Amino acid sequence: MPRESQPIISFTIPCYNSAEYLDACVESLIPAGNDIEIILVNDGSTKDNTSEKIHEWERRLPGIVKAIDQPNKGHGGAVNTGLAAATGVYFKVVDSDDWLDAEALPQLMEVLRHAAAQTVPTDMVVANYIYDKVHEGTRNVVDYRGVLPEGREFGWSEVGRFRQGQFILMHAVVYRTQLLHDCGIRLPEHTFYVDNIFVYVPMAQVKTIRYLNIDLYHYFIGREDQSVNESVMMGRMDQQLRITRVMIDSVKIPNHELDPHLQAYLVKYLAMMMCICSIFLRMRGDAESDAQRHAIWDYLLKRNRELYRIVRRELVCFAVNLPGKAGRAFGIAGYRAAQKIFKFN
């Protein structure tokens with residue numbers, strides 16, 4: 001059934017062997033209303049009936065759900081496919097094992113409908129997200145109170161100082177679709193951790209923002225095979241390093257054309273990525289890993305000497321790269337403390 005008007009938002013759900021939890025994810029989007037589209041991308045699933053599931057949803061919600069099958073390309077490839085198919089004014093990725101809050105979602109939609117009706121729609125809308133450790137029965141809300149103004153559109157010059165653990169991740173962000181097309185973003189295929197590129201590269205093009213202090217996105221934590229599982233991350237350091245190199249190359253910093261507050265945020269985010277690379281390589285503890293740690297810092301130095309100096313001076317990067325066995329132990333202890341505080345994996 002053809003639409004009479006453009007959807008307010010396109011939700012893209014990358015699906016890979018996710019039949020077990022896909023229904024719950026899609027059902028959580030239904031309270032958004034009928035002026036949305038849901039793009040279900042089956043990324044070459046082989047172990048279950050994910051393909052049948054997405055086409056069943058397309059039949060149940062004609063004109064709202066688009067079902068797309070593709071050969072396996074990884075999370076980034078599925079997001080690329082969803083973005084290429086998106087017709088909404090806004091675009092959001094929802095992973096198939098996550099879900100949106102039934103009370104918060106209508107509030108988001110009210111703001112997006114208003115923003116989409118403006119002559120120049122807001123570039124980015126941000127909401128809180130929740131780390132849900134379902135098996136432990138715990139949850140940790142990441143919000144932006146005191147950093148982002150509430151109840152109105154604003155620019156980077158009005159943004160405060162972000163704390164550690166308070167980055168705008170994929171779970172928090174809704175982008176204007178055309179902005180994503182204009183910046184030419186295309187995520188690497190067959191690579192994990194591409195969400196960092198998704199929330200870093202387009203950010204340099206964002207001029208206007210709205211923040212909703214609502215707990216919207218439930219980010220499921222706890223599966224053993226999950227990409228943010230610590231042992232999994234340590235085994236995929238080659239991919240973490242690849243993503244970090246893409247980020248180093250994608251945004252020019254320092255850049256006098258960028259708002260100083262935005263530039264400070266981008267530096268802090270890149271420092272976080274360098275910190276993750278450093279700490280996990282030190283946790284592995286072998287000579288090859290230590291060589292990789294030096295190599296990623298050398299890569300930053302060679303690509304952008306001034307940025308290297310700025311990032312290296314960031315406290316977290318300094319702390320996790322202290323020399324010797326004592327420095328390694330200190331860095332790992334600091335990571336463990338942060339893990340308990342922010343509950344990020």
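User: How do the axes of H9 and helix H11 cross, and within what distance do they come?
Analyst: The axes of H9 and H11 (residues 305–312) come within 9 Å and cross at roughly 75 degrees. That makes H9 roughly perpendicular to H11. On the cut-offs, angles under 35 degrees count as roughly parallel, over 145 as roughly antiparallel, 65 to 115 as roughly perpendicular and the rest as oblique.

User: What am I looking at, and how is it numbered?
Analyst: This is a predicted model, where local features need pLDDT of at least 70 and side-chain atom pairs count only at pLDDT 80 or more, while totals for chains, interfaces and linings use all residues. Residues are numbered from 1 along each chain as its sequence is written, and side-chain values use heavy atoms, with hydrogens and water left out.

User: And what counts as a helix or an axis?
Analyst: Helices (H or I, at least four residues) and strands (E, at least two) are DSSP runs, numbered from the N terminus. Axes are lines fitted to C-alpha atoms, for helices over the stretch in contact, and angles run from 0 to 180 degrees between N-to-C directions.

User: Which residues meet where H9 and H11 touch?
Analyst: From H9 you have Val 267, Leu 270, Ala 271 and Met 274, and they meet Leu 307, Ile 310 and Val 311 in H11. Contact here means heavy atoms within 4.5 Å. The residues of that contact divide into 7 nonpolar, no polar and no charged. For the classes, Ala, Val, Leu, Ile, Met, Phe, Trp, Tyr, Cys and Pro count as nonpolar, Asp, Glu, Lys and Arg as charged, and the others, Gly among them, as polar.

User: How do H10 and H11 cross?
Analyst: The axes of H10 (residues 287–303) and H11 come within 5 Å and cross at roughly 135 degrees. That makes H10 oblique to H11. The contact is made by Trp 297, Leu 300, Leu 301 and Arg 303 on the H10 side, with Arg 305, Leu 307, Tyr 308, Val 311 and Arg 312 from H11. Its residues divide into 6 nonpolar, no polar and 3 charged.

User: Back to H9. How does H8 run against it, parallel or antiparallel?
Analyst: The axes of H8 (residues 237–250) and H9 (residues 260–284) come within 10 Å and cross at roughly 155 degrees. H8 and H9 are therefore roughly antiparallel to each other. H8 passes H9 in a left-handed crossing, a term used if the near helix is turned anticlockwise from the far one by less than a right angle, with right-handed if clockwise.

User: What sort of residues make that contact?
Analyst: They divide into 13 nonpolar, 2 polar and 1 charged.

User: What's in the loop between H8 and H9?
Analyst: Pro 254 is found there. A cis peptide bond joins Ile 253 and Pro 254, with omega about -5 degrees.

User: Is Asn 17 buried or exposed?
Analyst: Asn 17 counts as buried, at 16% relative accessibility. Buried means under 20% relative accessible area, exposed over 50%, partly exposed in between (1.4 Å probe, protein chains only).

User: Switching to cysteines. How many disulfides does the structure hold?
Analyst: It holds 0 disulfides, a disulfide being a pair of cysteine sulfur atoms within 2.5 Å. For Cys 15, the nearest cysteine sulfur, that of Cys 25, is 7.4 Å away. Cys 15 counts as buried at 1% relative accessibility. For Cys 275, the nearest cysteine sulfur is that of Cys 317, 5.7 Å away, and Cys 275 is buried too, with a relative accessible area of 15%.

User: Last one: where is Leu 216, and what is it in contact with?
Analyst: Leu 216 lies in strand S10 (residues 209–220) and counts as buried at 1% relative accessibility. Leaving aside neighbours within four places in sequence, its contacts include Lys 92, Trp 99, Leu 100 and Ile 130.
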